[in-house]
Amino acid sequence: MTQRVRITDVSPRDGLQNEPGVIPASDKARLVRALLRAGLDEVEVTSFVSAKWVPQLGDAGEVLCLAADDPRGSTVRSALVPNERGLADFLEHHAAGRVDKLAVFAAASETFSRKNTNGSIGEVIARFSPVIAAAKRIGAPVRGYVSCVIACPFEGPIEPAKVATVAGQLVDAGVDEVDLGDTIGAGTRDTVAEMLDAVFERLGPAWHGVSTGGHGTVTLHLHNTFGRAGECVREALDLGVRSFDGSVAGIGGCPYASTPDRRAPGNIATDTLVRTVHAAGFKTGVDLEALASAAAVARELVAAGGRGPGA
Ligand code: HMG
Ligand code: MG
């Protein structure tokens, strides 16, 4: 039987958080609605983070309200939540049926952790405790990101053992899914394989080959700086990863992964990701025609939003 691979599109969150201008909530909701028609397993709609840190996503609640009544089939809608303040917003929108799942986010680099979330790795994971406990009380699944799984824009290469340790700490804290982020797209087949070996060894066999998006899922989140994300996806499939993130039109990047001479790179394009997965002999639920329509919306928003506010 052909094995199923899970596909999440993160473009409304990872894509639009890195645009120089703030895109109107109604346009963001248009992208979300287009994605909800594309047979994706999950769409990461927005972030409940501080608007002082990421002004681009300061309208999270409005976007969720505007996209709420669209038919979405079985697509899960998720949002990033960094702390209890973000949790309060998540709980309100979850109770109203506008969002299903939350994602907490840590890093395997101390410098990146401080720059992105204003705390050490240990402090940030401790902040997640009440967030994860509340999600469990309402039956919402929790994704736990680890950023900088291959390299950090400030510290350089990151040891696979460090990634495995942070992944293990997130699992001990109660996350259902571990999402491994190659934040700056530095991965090669070899470094991704080394990192995955270390993570699977730490998490154990129950985390191998799971594509539900629930407990035991290991997801790979690749940025595509050097065009190597496709080969890293193939390597990861060989090693038992059955869940991947992409971003339509390849938009995205973490603003806190940018350095003075380099803007953070976008994710692997979701259509490239899906074609790579299909070509390797796996199936997905994605409708490539509907995905192309969503990619056209993303391109349009970025072309307009990229001019910055007031343009
Ligand atoms: P902090 O400044 O230490 O927070 O930031 P604080 O608790 O001191 O609060 C400061 C102010 O922010 C207060 O407001 C809070 O109310 C407010 P004031 O009293 O000054 O008016 N505040 C909030 N407002 C709304 N929602 C909230 C919230 N929290 C505090 N949730 C914090 C700490 C974690 C909040 C901050 O660092 C933050 O928001 N960081 C988010 C950065 C971010 O979103 N980065 C991009 C996502 S991660 C990524 O892209 C990587 C990924 O794609 C994987 C990969 O590629 O590797 C996931
Ligand atoms: Mg990312």
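Q: Where does Asn118 lie?
A: This is a predicted model. In it, Asn118 lies in the loop between H5 and helix H6 (121–138).

Q: Is Asn118 buried or exposed?
A: Asn118 counts as exposed, because its relative accessibility is 55% and the cut-off for exposed is over 50%.

Q: What about phi of Asn118?
A: Phi is positive there, about 55°, although Asn118 is not a glycine. Most residues other than glycine have a negative phi.

Q: Which other residue has a positive phi without being a glycine?
A: Ala249 is one of them, with phi near 65°. Ala249 is placed in the loop between E10 and H10. With a relative accessibility of 28%, Ala249 counts as partly exposed.

Q: Back to H5. What does Thr117 touch?
A: Thr117 lies in helix H5, which covers residues 110–117. Leaving aside neighbours within four places in sequence, Thr117 is in contact with Trp53, Phe105, Phe112, Val124 and Arg127.

Q: How far apart are the C-alpha atoms of Thr117 and Phe105?
A: They are separated by 8.7 Å, and the two residues are 12 apart along the chain.

Q: Where does the side chain of Thr117 reach?
A: The side chain of Thr117 reaches the backbone oxygen of Ser113, at 2.7 Å. Thr117 has a relative accessible area of 12%, so this residue is buried.

Q: Trp53 came up there. How many aromatic pairs does a search of the whole structure find?
A: The search finds one aromatic pair. The pair consists of Trp53 and Tyr256, with ring centres 5.4 Å apart and planes at 50°.

Q: Which parts does the pair tie together?
A: Trp53 is in the loop between strand E2 (42–47) and helix H3 (60–66), and Tyr256 is in the loop between strand E10 (243–246) and helix H10 (270–279), so the pair links parts that are 203 residues apart in sequence.

Q: How does Trp53 count by accessibility?
A: Trp53 is partly exposed, at 32% relative accessibility. Tyr256 is partly exposed too, with a relative accessible area of 24%.

Q: What lies over the face of Phe154?
A: Lys115 does, at 4.7 Å from the ring centre.

Q: Now the ligand. Which residues come nearest to ligand 1?
A: Of the 26 residues around ligand 1, the nearest are Gln17, Lys52, Asn118, Ser147 and Thr183.

Q: How far is a polar side-chain atom of Thr183 from an oxygen atom of ligand 1?
A: The distance is 2.6 Å for Thr183. For Gln17, a polar side-chain atom lies 2.8 Å from an oxygen atom of ligand 1. His221 has a side-chain N or O atom 3.0 Å from an oxygen atom of ligand 1.

Q: What share of ligand 1 does the protein bury?
A: Taken alone, ligand 1 exposes 1100 Å², and the protein buries 75% of that.

Q: Last topic: Thr8. Which strand does it lie in?
A: Thr8 lies in strand E1, residues 6–9. Thr8 counts as buried, with 0% relative accessibility.

Q: What does Thr8 touch?
A: Not counting residues up to four places away in sequence, Thr8 touches Glu42, Glu44, Arg143, Phe244, Asp245 and Gly246.

Terms used: Residues numbered from 1 in each chain as written. Chains lettered and ligands numbered in written order. Predicted model: local features only at pLDDT ≥ 70, side-chain atom pairs only at ≥ 80, totals over all residues. Heavy atoms only, no water. Phe/Tyr/Trp six-rings, centres within 6.5 Å; stacked < 30°, edge-to-face > 60°. Helix = DSSP H or I, 4+ residues; strand = E, 2+ residues; numbered from the N terminus. Buried < 20%, exposed > 50% of the residue type's maximum accessible area, 1.4 Å probe, protein only. Lys NZ or Arg CZ within 6 Å of the ring centre and 35° of its normal. Near = heavy atom within 4 Å. Polar contact = N/O pair within 3.5 Å; in protein donor to acceptor, adjacent residues only side chain to side chain. Areas by Shrake-Rupley, 256 points an atom, 1.4 Å probe, with all protein chains shown as cover. Contact = heavy atoms within 4.5 Å.
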